[in-house]
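Visitor: Could you walk me through this model, please?
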Amino acid sequence: AVFYFYYGLMFVMFCYNLLLYISTRDRVYLPYLIYLLAYTGFQAAMNGYAKLWFFEGEGDLVNRWLLVTNYLAGLGCYEFINRFLRAEMLGERWRGVFQWMIRGFAILALASVFLPYSIMVVGCAAWGALTPWILFYLGYRAIG
């Protein structure tokens, strides 16, 4: 029941932000919508629900789904932060970092379809370890 509550809450968040985007036409919400969908898909793969709901008996497809949704969540996250914090206000160097990260996540999402899982999961772990620190620092810089 807890997982169904979680997925229901994520669905409500997606619908709410979609309505915000439709009503305000603020392009900041588009990458956030991508992030919400991708992260929910990633969580479904981690919890086993993706295999139950979408990929019955297909373990390799679930692993690919996990990688692709993880990288797409990173892409949505960095693009959202790029737009929300207005990276150009942080300086040209940080704008370049955001562009590099966004392109990197897009390439990794595509590559995770073709490259071995054992290689691509290392990238997921690396990005997962670095991203909170980068985003914390950028949030601090944006406030100060």
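Guide: Happy to! This is a predicted model, in which local features need pLDDT of at least 70 and side-chain atom pairs count only at pLDDT 80 or more, while totals for chains, interfaces and linings use all residues. Residues are numbered from 1 along each chain as its sequence is written, and side-chain values use heavy atoms, with hydrogens and water left out.

Visitor: Which residue forms a salt bridge with R83?
Guide: A salt bridge here is a side-chain nitrogen of Lys or Arg within 4 Å of a carboxyl oxygen of Asp or Glu. In helix 4 (residues 59-84), the two partners sit four residues apart, which means a separation of about one helical turn. Their closest N and O atoms are 2.7 Å apart, and the partner of R83 is E79.

Visitor: Is E79 buried or exposed?
Guide: Buried means under 20% relative accessible area, exposed over 50%, and partly exposed in between (1.4 Å probe, protein chains only). R83, at 27% relative accessibility, is partly exposed. E79 has a relative accessible area of 16%, so E79 is buried.

Visitor: Which element has the highest mean pLDDT?
Guide: pLDDT is the predictor's confidence in each residue, from 0 to 100. Across the protein chain the mean is 83, with 96% of residues reaching 70 or more. Helix 3 (residues 49-53) has the lowest element mean, 70, and the highest, 89, belongs to helix 1.

Visitor: Which residues of helix 1 are buried?
Guide: Helices are DSSP runs (H or I, at least four residues), numbered from the N terminus. Helix 1 covers residues 2-24, and R25 just after it takes a positive phi of about 60°. The buried residues of helix 1 are Y7, M10, F14, N17 and Y21.

How values were computed. Helix = DSSP H or I, 4+ residues; strand = E, 2+ residues; numbered from the N terminus. Expected span 1.5 Å × (residues − 1).
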